[in-house]
Amino acid sequence: MAHDLLPALIGSLVEATCFEDAATAVLRKMLGCAEQTLAATPLAPRGRLLRGVVHLRPEGGYQRLFGIEHRNGARVEGTGYLTSASVWRWLVEHRCSVSIDVQLGVLRPWLPDGAAALVERRGGAGLPGDETRDRMLERDATHVHVVPLRAPGGAVEGMVALEAGCKAAAGGEPMWRGCYEQLELLASIAAPYLRALPPRPAGPARVDEFLPVVGPTTGPLIDLLRVFARQEETILISGPTGAGKSRLARWCHEQSGRVGQRFETLDLLSVPEDLQMAELFGWKRGAFTGAVRDNPGAIARAAQGTLFIDEVDKLSLKAQAGLLHVLEERRYRPLGDEGGERRADVRFLIGTNENLRAAVRDGRFREDLYYRINVLPVRLPPLAERLDELPLWADYMLSRRHREGGSHGAARLAPEAVALLAEVPWPGNLRQLDNIIRRAYALAVAERGGAGGELALDRSHLARALAYDGAPETGALLAQLWRAAHAFVLEAERRARGGEPLSLDLSEGFRGLVLGAALQRAGSREEAFALLGQQQLVKNRNHHRALRRELDRVRELTEALGGEIDRDLVALLKEDVEAPSEGR
């Protein structure tokens, strides 16, 4: 059956220019395959396919989410199934398709051995909780079949969830028995395309006071979070220190159904380990030494609203057990309170700059808690990976500082100042950028003798502000190389959308750029090659040929990229014209 669908699917995948096109193609084929199977069973008149959703979530967080309704092809609003952390955990660990009888709470994994290895689990690991079950039944989804999307090597990086409504099939013969192998084949064909294709170009970014800057790089992430924010499940926001996780958490609250209620932040970095449970759950007077009065705790303060727990990796193992209980039971008890447990009517958002999976392997973080908070994981990239936002954030921070000073005129960054910002690494991310802008602003104000009116920051102001940060840290070169790599990929994505891919081979021109920079510093070819550890080429008189080869690659790169070329680069490309002959 699936083999009849393969040619058409492969053709659609080859023609797809974005993730959404590829996801639509595979979902239509998989839903069609399942419908043919259902039509051949006695239960077909009483059951129907409802929808399919593709979840792409490699380690580090969700990257893409897309679903369609089977009856009309409309896009699914929301996450569909598998917001259940327990089902995702099962899929990752066992790497096989799984069917869920939502009504009875029965999980049936389709192991590689086939139907003969079929087992059932009632109320055990892998099954969704009561909240997820109730939501699914509200959507008329009585049965769900989940197919893993595997990366090369077998690791699960996503899944396809197909939902069906068939109340008469509860507890009976598995309705997916006749097509689970075909569905896995279709998913395996589509997986490389789903991972590789970029998202569909979005329209103008929607910004607001809580998220004033959204660039092309983070646009797809924000679109995804806009969907997640409307759910009640836990969102795990990972990313480096200073990247803006707290701001993003507040934005999620403003997009949620709890907007208008309290938004509370508990930063565990500032809480001593022995007080973590108390700060989270609150305490009664006399609960411990120093508890001279009652304290409601973060959960109570965030009642009916949102609680953002940042730096969750700093949570002690004892406090981790307490947080797990709250997330699973939605109940807690303040320290020293002899009454019954209280209900935790709170939406939880979690932040971390650690690799929690590694922390689990090291025994520093509970595995069950990891899977419980890893329901809707997203990764906020560092500033170095979203340089398209750098000028926008700098402008926003400058204008904000100007207003804070009571000035009513405009404040702006000169183009050469923006260019300088793009040339340096940002290990401190947005927090570091804000500090630099504030420092440069202070220098500019002092230079002209006071604030007021319009203000322009030029390159010298930024250079002096950056100088206060001292010498570049170890690894600054690697950070800049990483930024250069991302700039190359961003240009490749832009060209791919226009049908003109940027070849990876052109990246070899970077060697020539390094050699050219060495020529500028050293003053002669021999010294430049020696500086880069290529004395043997000079000794054998092969360095002229090597230079010509590398400069040819630079020319290919400059021709492909076009645009205005730096005058130093123009001078470098003339080197080959003036090169001595091989015999000289």
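Buried means under 20% relative accessible area, exposed over 50%, and partly exposed in between, with a 1.4 Å probe and protein chains only. By that rule, tryptophan 110 and tyrosine 180 are both buried.

The model is predicted: local features need pLDDT of at least 70, side-chain atom pairs count only at pLDDT 80 or more, and totals for chains, interfaces and linings use all residues. Residues are numbered from 1 along each chain as its sequence is written, and side-chain values use heavy atoms, without hydrogens or water.

**Aromatic pairs**

Rings of Phe, Tyr and Trp (its six-membered ring) pair if their centres lie within 6.5 Å; planes under 30 degrees apart count as stacked, over 60 as edge-to-face, the rest as tilted. The count is 6 aromatic pairs. Two of them are tabulated here.

| Pair | Centre to centre | Plane angle | Class |
|---|---|---|---|
| Tryptophan 110 – tyrosine 180 | 4.3 Å | 20 degrees | stacked |
| Tryptophan 393 – tyrosine 396 | 5.9 Å | 80 degrees | edge-to-face |

Helices (H or I, at least four residues) and strands (E, at least two) are DSSP runs, numbered from the N terminus. Tryptophan 110 sits in strand β4 (residues 106–110) and tyrosine 180 in helix α5 (residues 180–196), so their pair ties together parts 70 residues apart in sequence. Tryptophan 393 and tyrosine 396 are 3 residues apart in helix α13 (residues 390–404), about one helical turn. Tryptophan 393 is buried at 3% relative accessibility; tyrosine 396 is partly exposed at 22%.

**Glutamate 264**

Glutamate 264 belongs to strand β9 (residues 263–267). Its relative accessibility is 11%, so it counts as buried. Contact means heavy atoms within 4.5 Å. Beyond neighbours within four places in sequence, glutamate 264 contacts Ala298, Arg301, Ala302, Thr306, Leu307 and Phe308.
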